[in-house]
Amino acid sequence: MKIEIFPNVRKNTGEVCTAERFHGLTDSENVRRCASRLADTGLSQNERQEIKSAMLPVITWQASYAGDRRCNRNAVPSGLYMLDIDHVEEEEVSRIINLAMGLISERDLVYIGRSISRKGVRIVAECRPEFCTIKDCQEWLSAQLGVEYDSACKDWARASYLVPFEYISYLDGSIFERE
């Protein structure tokens, strides 16, 4: 199972994400500084987008890439899918995270964390063998959690911004060593 990380969302070539690299980036001053700046309510939408697009590293949980660029055509599925839940208030974020924490083993969850905006949740899980697509897996898990999700996140090349480690509620570190 290969997962890739990229210097930012604008870059199309990445590297295999190891546990050391993941922890190094989620504990980095750059990611913490970006998160802190994004918490500033005085920033314009353009300023927020520039910070995220140019400065924050991203991870592609759902695939690695053969060839020289991150795109669906070059995707090699990792066996994981991401459920992206956006635009929810703090109380709902906490409720979703607590509910997901109770489903870790029976739903094959490998990552649960807040989004970089802190107004969303990212949940990564192993693809279910009974489903054929990312969308089918996402629909199933969102029904289990009773939440609406971002249905645009069904492609293999979808990237997720890395967050400071303290935003992460659960991480199964063995995903970085699986074949």
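Start by selecting His87: this residue is exposed, with a relative accessible area of 74% (exposed means over 50%, buried under 20% and partly exposed in between, using a 1.4 Å probe and protein chains only). You are looking at a predicted model, where local features need pLDDT of at least 70, side-chain atom pairs count only at pLDDT 80 or more, and totals for chains, interfaces and linings use all residues. Residues are numbered from 1 along each chain as its sequence is written, and side-chain values use heavy atoms, leaving out hydrogens and water.

His87 sits in the loop between strand S6 (80-85) and helix H4 (90-101). Helices (H or I, at least four residues) and strands (E, at least two) are DSSP runs, numbered from the N terminus.

Next, select helix H2 (residues 29-38) and colour Val31, Cys34, Ala35 and Leu38, which are buried. They share one side of H2, because they cover an arc of only 100° around the axis, taken from the directions from the helix axis to the C-beta atoms.

Last stop: Leu171. Leaving aside neighbours within four places in sequence, Leu171 is in contact (heavy atoms within 4.5 Å) with residues including Phe22, Trp61 and Tyr111. Leu171, Phe22, Trp61 and Tyr111 are also among the residues that touch the most other members of the largest nonpolar core, which has 29 residues. Such a core is a set of buried Ala, Val, Leu, Ile, Met, Phe, Trp, Tyr and Cys residues joined through side-chain atoms within 4.5 Å.
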